[in-house]
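Reader: I have a fold on screen and one residue to look at. Please show me how to read such a view.

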Amino acid sequence: MSRVSIVVLAALLVACSPPELRAKGSAAAPLVNAAGEALVGKWSVERPQQAHFFGIPFAAPPIGDGRFRPPADHIARSEKQQATEFGSACVQEQGNPDWYRSVASGLGADNAVIPDLEDISEDCLTLNVWTENLTGKEKWPVLVWIYGGSNRNGFSHEPNYHGHRVATKGVVFVSINYRVGALGFMSHPAFTAESEHHSSGNYGLLDQIKALQWIKNNIEHFGGDPEAVTISGESAGAGNSANLIASPLADGLFRNAILQSGGMRMSYRPNLADNEMVGESLASALGVDVSRDVAQQLRAMPALNIMQKQTEVISSYNDVVEDGWVLPSSARSRVESGKHNRVNLLTGSNAQEWLMYFSTSSGEKEYQEALEYYGGSNALAFRKLLDASALSAIEKRDLMFSGSAFHCVASKLAGDIDSHGNNAFVYRFTRVRPGGEALMAYHGAEIPYAFDTADDWLPADTTDRKLTESMLEYWTNFVKTGNPNGAGLPLWPRYSSDSRAYLELGDDIRAGSDLDRAFCQLMVATWDQKLESAVE
């Protein structure tokens, strides 16, 4: 099987025509009319029946006066438009190449093969489509991928996110770009004042909603079913997906959701006023004159200047809760109360999400700090629980972080979704690649298994191949039916708060129950205490 190497992050599959056309000397490329445009794609080399359409604009470029505003409608272009090359990544730092380098190093590969991301631009609101159903009479379900990267990095055409394998399973695959960093999530009183919704920030989320609206209106031209869309994402992409489940603006745009290693923030409640204060700090650091038009000054600055300064001022980029428009209240509260968009859910986490970021010298001191930070007033109860295990100090430190940010988030969200009558399925990914003991089942490790996109420098054996085949089937079954189960696969039990049933995806695939019950009950209590303190 051909592998896409990370060394060519933006490499494109060479276009060709179907064999019956090539035999006649034709060079006809796939052509689709969508959103008032004639889009010319290309055929896959590996599968002649698979068409690729890359770099399709779904909104106007958010440049000039469009910066720090909701995405505007794309104006259809005349003549045929080439859709054979990926669009630019949105303006960002080098976080994702750095992540790939850390994985490569942990697996014994030469991280020098990972290049910096060079093609970045504010003109970045594009999406990509992989399809084998251009002429199909029946429409196929659609899987939409929302990348991670802490909402400050990421782009839709990372090799891990290519959809050529998913598209072989009766699914149309779409990956989308959205604004990140300050350009995607910065609030400021000047922006709020000019908004008809009295809201600012959440531009990255609005980009995602705009892309889903484009998909709703146009995906049938690519053989996709606009009524059978599944959103999916990992890390920040999963967090964004949870916010889409919660946002009234996304109602009717999807029916299923896959959240990998991420989801709702459980105790931190930034509101619009808080985010405006952060935005004012960044504006001040950028030298904005408050006696003049602040919004105009921020829109006139070079985007790279804003990106460079944000690294000094802002530690993270999150959704703006209680903005009065996109997220009237937190995702957690909306899902708990049943005010969310109804979806079937597949979600889970990896066994050692954050271990790769810890120094190997981490010991008792760092473990105690993690207990206090993530356990709050329940730190002693967590210590009693974890010290009864056979885990090392560094593994227990990871469990505190991973449990707070990923494990218990997945089970809490799944329980709430189940309580409101939809299917919920939970996994725990435990597979460690050959030679990957330093990384274990790290953050992001499951992605190339689920999409069958492993890079050629990732070590693999027959167990990895079997797990990849099974996970690709589970994921695409869920996209089709809202249930991952299918012929020839171990049964994946439905999750409920009572059973806490789950599927382990590791050296073997096996079902289990009572997942992290005592640990997560304690974690939920800790979240609630922190939330109460934040409200007070």
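**One residue, then the whole chain**

Author: Start with Asn-96, which is buried, with a relative accessible area of 8%. Buried means under 20% relative accessible area, exposed over 50%, partly exposed in between (1.4 Å probe, protein chains only). This is a predicted model: local features need pLDDT of at least 70, side-chain atom pairs pLDDT 80 or more, while totals for chains, interfaces and linings use all residues. Residues are numbered from 1 along each chain as its sequence is written, and side-chain values use heavy atoms, without hydrogens and water.

Reader: Where is the place of Asn-96?

Author: Helices (H or I, at least four residues) and strands (E, at least two) are DSSP runs, numbered from the N terminus. Asn-96 sits in helix α2, residues 95-106.

Reader: Which residues does Asn-96 touch?

Author: Contact means heavy atoms within 4.5 Å. Leaving out residues up to four places away in sequence, Asn-96 touches Gly-148, Gly-149, Asn-153, Gly-154, Glu-158 and Tyr-161.

Reader: Which side chain makes a polar contact with Asn-96?

Author: A polar contact pairs N or O atoms within 3.5 Å; within protein, one must be able to donate a hydrogen and the other to accept it, and residues adjacent in sequence count only if both atoms are side-chain atoms. Here the side chain of Glu-158 lies 2.5 Å from that of Asn-96 in such a contact.

Reader: How many residues of the protein count as buried?

Author: Of its 536 residues, 59% do. The protein has 16 helices and 16 strands. Among contacts between residues at least 6 apart in sequence, 78% join residues at least 24 apart.
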